[in-house]
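Welcome, and here is a short tour to read alongside the model. Have the sequence and the 3D view open as you go.

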Amino acid sequence: MSTIGKSANEGIKDASEYLRGTILDGLADSATGSLSKDDQQLTKFHGIYQQDDRDIRKERRKKKLEPAYSFMIRVRVPGGVSTPEQWIEMDRIAQEHANGALKLTTRQAFQFHGVIKSNLKKSIAEINEALLDTLAACGDVNRNVMCNPNPMQSKVHGDVLELATQISDHLSPRTGAYHDIWIDDGSGEKVKVTYDPPLIDDIADPEEPIYGKHYLPRKFKTVIAVPPSNDVDIYAHDLGYIAILEGDDKIVGYNVTVGGGMGMTHGNEETFPRLADVLGFCTPDQAVKVGEAVVRVQRDFGNRDVRTNARLKYTIERLGLDKFREEVEKLCGFKLEKPREFTFEDNGDRYGWIEDHEGNFHYTMFIENGRVYDTEAYPLLTGLREIAKIHEGDFRLTANQNLIIANISPAKKAEIEKLLEEYKMVDSYERSALRLNSMACVSLPTCGLALAESQRYLPDLVGEIESILEDTGLRHDAITIRMTGCPNGCARPYIAEIGFVGRAPGKYNLYLGGGFHGERLSKLYAPSVQSDEIKTVLEPIIRDYAKNRKDGERFGDFTIRSGYVKATENGRDFHKDFVEPTLAV
Amino acid sequence: MSTPATSPLSPDQQQIASQLAATLSPEQANWLSGFYAGIAHTGSPVAAAPVAKTELTVLYGSESGNAEKLSGDVAKAAGKQGFKAKVVNMADAKAATLAKAENLLVVVSTWGEGDPPEGATDYYEEFMSDAMPQLANVKFSVCALGDTSYEHFCKIGKDFDDRLSKLGGERVYDRVDCDVDFEEPFAKWLEGALKAFPSAEIAPGGAPAPATIPAATVYDKKNPYSSELTEKIVLNGTGSIKETLHVELSLEGSGLTYQPGDSLGIYPENRAEDIEAVLAATGLSANEKCGDKTLAEALKSDFDITSLSPAIALKYNKVVESDDLEKALADKAGFKDWIWGRQLVDLLETYPNKKWEVESFTGLLRPLAPRLYSIASSQKAHPDEVHLTIAAVRYNAHDRDRVGVCSTYIADKVAIGDTAKVFFHSNNNFRLPENDDVPVIMVGPGTGIAPFRAFIEERAAREAKGKNWLFFGDQHFSFDFLYQLEWLDYLKDGVLTELTTAFSRDQKEKIYVQHRLAERGAEIWEWLENGAHFYVCGDATRMAKDVNQALLDIAQQHGGKSAEDAKAWLTALRKDKRYQRDVY
């Protein structure tokens with residue numbers, strides 16, 4: 001693939017000398033807090049997004065100040081597992097160099113916000129000193145590899161975590177740019193990532209044996225799920241592995257899934273969210289090789305001319321699943337077996353204490369929107385720091401932006417319980433089931449893509465809906481509700497039972513009918529609903545559900561059976577069958 | 001009405017134009033604009049030049065690059081049809097220059113909530129503002145780019161179309177509003193619009209009308225000018241603990257002139273709170289007579305009622321005859337400590353007098369002196385204005401909120417539209433090199449930046465070829481980077497060669513300008529060896545001393561001089577007027 005694709009990002013990658021660009025010059029320029037436009041694309045591959053506080057753009061222009069540029073840094077945490085020492089370091093970096101809050105993302109990563117340019121290099125160097133990194137946390141590469149944190153089955157968790165780490169390492173970019181820019185301490189000694197030769201032996205590019213000079217056409221996300229929990233939302237990702245178990249703790253192999261993805265563009269029906277297909281079954285020792293093959297087929301067949309059509313889901317739509325499988329098998333040199341049976345039950349987290357087979361304890365806390373910060377009433381950041389100081393197990397970030405304090409020995413349990421009590425964390429999940437199943441992206445004021453509020457607004461909206469739930473006796477019924485400030489889908493809104501996607505300030509598309517455990521896409525119910533009308537629009541549907549649902553019937557299934565929306569059978573049909581509703585407002 | 005900063009006129013021409021503009025009725029102004037346009041067409045008798053081709057300005061504002069690409073297409077197509085096309089990016093231009101365009105095609109996109117492209121924001125705001133000149137000679141057509149999935153589809157294109165027409169422009173071809181698939185409608189518009197422009201026309205010329213120049217009054221320290229405050233901005237962003245004001249004052253009709261490096265004197269007024277506190281402490285009544293004013297009025301504008309020094313205290317005790325104060329004064333160092341952070345009212349309260357008379361009290365007071373501020377503008381860039389950069393001084397000491405009299409007078413009392421009494425104070429010891437080719441290094445942290453804004457504006461207006469290196473520092477990059485956007489523009493234009501910053505509180509260790517000077521020592525030495533002038537403005541007590549030491553260190557480290565030779569070298573530099581300071 002030596003020709004350069006027509007999309008602008010392809011030219012930037014081509015000219016970047018393996019992701020170097022002019023980032024070093026940009027960091028040295030003390031007159032602006034910004035990097036050049038092209039470098040802003042390249043830093044994503046290094047886990048860094050340039051943002052600015054959009055709330056104060058106008059005010060700053062009047063004050064003759066450029067926008068309040070700062071950077072978001074995303075830390076790759078394969079499987080979401082970090083040590084207490086790493087937790088303490090992330091906490092310190094958040095306070096010293098960022099805005100004082102630690103964000104747990106929907107993809108099991110740490111995120112810092114508000115790091116100004118002059119503190120960027122220091123922050124990334126310190127993250128690396130804590131033995132974590134930010135390489136490939138964003139950008140057109142395989143990003144953070146997720147897996148089920150699975151506190152019940154510790155043996156299985158160990159196995160899938162190991163696979164997640166292997167895939168993450170194997171699919172990491174090999175360029176020396178990351179070390180040159182961020183880690184190089186000026187001693188002149190160039191450290192390079194250890195060379196890890198590809199499993200599939202046809203090295204075309206010694207610098208980047210798997211990706212080549214132009215990397216992937218678009219972002220690429222990989223997850224591993226252990227049924228019956230689908231907390232990682234396997235169908236929403238480009239590449240997935242569903243663990244197939246024999247007995248309680250033996251993984252015999254994986255169903256490989258491909259072509260899931262959330263993002264779309266408002267007003268462009270050629271773009272749509274899509275659920276992944278099951279491609280076939282592979283054994284544990286084939287898993288990394290299959291992953292590499294999927295990446296390489298996407299590298300060579302993905303659309304590099306139209307960026308909105310570049311993700312794997314569109315490649316598969318274009319090639320067909322059979323042709324795609326054929327290409328993957330050709331690279332692997334073996335055939336995939338027929339998929340095995342599996343059952344998912346939900347995609348949420350199980351809160352509270354759990355004891356595993358080895359007698360260790362795990363405590364899952366609810367962290368609203370993944371934001372760990374201190375307020376006077378709720379000193380969450382401090383409380384978790386105090387726990388990290390004495391904790392001997394690990395911290396696990398969940399795909400629902402929550403946190404598991406994992407592997408607590410029976411001897412330590414009482415001590416940790418005391419700290420949970422002291423810092424008011426003990427009842428973190430004493431909330432309505434709706435709130436516990438709510439998820440929002442960051443959005444305004446820092447995200448450059450945001451069209452409407454999300455993380456700052458959803459908690460209030462859930463509060464409004466809770467009053468209906470109390471009234472109808474649904475407080476303890478789990479309904480998934482998710483919101484994003486733009487159609488790109490970071491909080492995976494198109495597989496929620498109630499989904500909101502921002503269109504303009506205070507205006508949201510309302511989607512209904514998503515599957516409770518992420519197995520079905522939703523459908524547009526009402527376009528551009530004003531935020532102050534959302535409650536009125538939802539109320540009759542929720543009351544109808546409370547009164548007329550069948551035994552055990554999920555809200556998403558109910559809205560389809562009752563004709564509020566048609567079921568979306570596949571991504572291609574996401575925009576079809578929209579019926580203008582008769583709204584109560 | 002003053003001529004804009006971007007006008008191509010010489011200073012003298014600008015003055016005449018501004019003075020004439022002030023006397024014109026709208027009809028006269030319209031007639032004149034046509035009249036001068038006529039001269040442009042026919043050429044003046046001395047410099048007649050034939051018009052080879054019809055000129056066409058292609059103006060674009062681009063966010064994603066589409067409008068930029070399309071404007072290139074427009075220029076190409078126009079060239080083929082015999083136009084002399086000039087492509088202008090809104091990000092690089094001033095809207096006022098549109099008045100010079102005759103044939104204009106605009107390609108502009110809309111994004112977000114009906115916003116202009118980021119880079120075109122200043123242009124757009126200027127274009128929509130009242131400052132825009134009439135565009136009676138402009139023939140135009142607009143191509144608007146947008147996305148129908150957004151509420152404010154093509155808003156910016158529509159705004160340009162509307163306003164061009166309202167400013168007197170002639171729409172020769174209807175606007176087209178393009179959605180995301182813009183290719184076809186754009187091509188159709190381009191074809192039609194190019195056909196709609198007339199071929200070159202020759203307008204009739206005439207002899208220039210005589211302009212009458214009104215005689216100017218002389219204003220100075222004794223006869224200060226009442227200047228209208230036309231703009232006041234707090235430059236620090238939300239989150240800063242500082243309050244630095246950018247202030248613009250009008251000189252319209254005053255005939256006043258100044259040079260970069262000069263200062264502006266302002267006569268302040270005392271705060272009502274301070275007047276009341278002094279009256280309460282003395283037991284005097286606000287309405288008592290003091291000359292031909294009431295006492296309150298006199299205390300407001302004639303007397304310094306806040307300053308406190310040992311000298312004042314000595315004078316004070318001659319009236320009060322307090323044994324305690326006499327004892328306190330005898331301990332000179334102790335009294336100096338006591339004075340720190342205190343004002344006259346503290347003296348009045350601590351060592352009260354049994355009975356005050358108006359004369360005995362005011363007799364102790366010094367007249368309220370004007371304060372001088374380094375001017376932050378060049379008159380070449382702002383013919384009818386003078387700009388200042390003022391730090392509002394507010395602090396609490398000894399349980400009383402205290403302020404800097406003049407800085408808070410401007411910050412709190414003089415609103416936009418109000419006047420303040422001002423005069424110019426010349427400072428020949430702080431002057432740009434006469435030779436425009438000489439490089440200059442400027443060190444101006446905090447409000448020390450003021451004269452360097454004037455210097456840079458002046459050098460830009462003079463199109464000086466010499467290099468300019470500016471060092472700036474303050475507390476936080478994000479909040480306290482005074483005039484940042486202007487510096488970024490000057491860097492882009494190449495007027496500023498280098499801008500080096502030091503923000504003390506963005507990291508654990510404090511970094512100040514002198515640290516940056518040391519880091520760049522080799523280059524600074526090279527600049528100085530090449531004849532550079534070195535300027536320092538700002539805090540005298542610490543910064544200026546540290547910078548002075550940094551220069552001595554550079555001469556030793558990079559010039560190979562001994563400590564003694566370095567001192568001699570710096571003294572010589574000062575004598576040569578190549579090391580100049582404006583510190584306070």
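Let us start with a facing pair: Glu246(A) stands opposite Lys250(A) in S9(A). This is a predicted model, where local features need pLDDT of at least 70, side-chain atom pairs count only at pLDDT 80 or more, and totals for chains, interfaces and linings use all residues. Residues are numbered from 1 along each chain as its sequence is written, while chains are lettered from A and ligands numbered from 1 in the order in which they are written.

**Strands around S9(A)**
- Strands are DSSP runs of E with at least two residues, helices are runs of H or I with at least four, and both are numbered from the N terminus.
- S8(A) (residues 239–246) and S9(A) pair in the antiparallel sense over 8 bridges; pairing requires at least two DSSP bridges.
- These two strands form a hairpin with 3 residues between them, and Gly247(A) in the turn has a positive phi of about 70 degrees.
- S9(A) also pairs in the antiparallel sense with S10(A) (residues 277–282), over 5 bridges, and Val256(A) has Gly280(A) as its bridge partner in S10(A).
- Because 7 of the 9 residues of S9(A) (residues 250–258) are buried, the strand is largely enclosed by the rest of the structure; buried denotes 20 or more other C-beta atoms within 10 Å of a residue's own, with C-beta atoms placed from the backbone.

**Contact between the chains**
- Chain B brings 26 residues to the contact and chain A brings 21 residues, counting residues whose C-beta atoms, placed from the backbone, lie within 7 Å.
- On the side of chain B that touches chain A, H17(B) gives the most, with 6 residues.

Notes: Two residues are in contact if their C-beta atoms, placed from the backbone, lie within 7 Å. A residue is buried if 20 or more other C-beta atoms lie within 10 Å of its own, exposed if 12 or fewer, and partly exposed in between; C-beta atoms are placed from the backbone.
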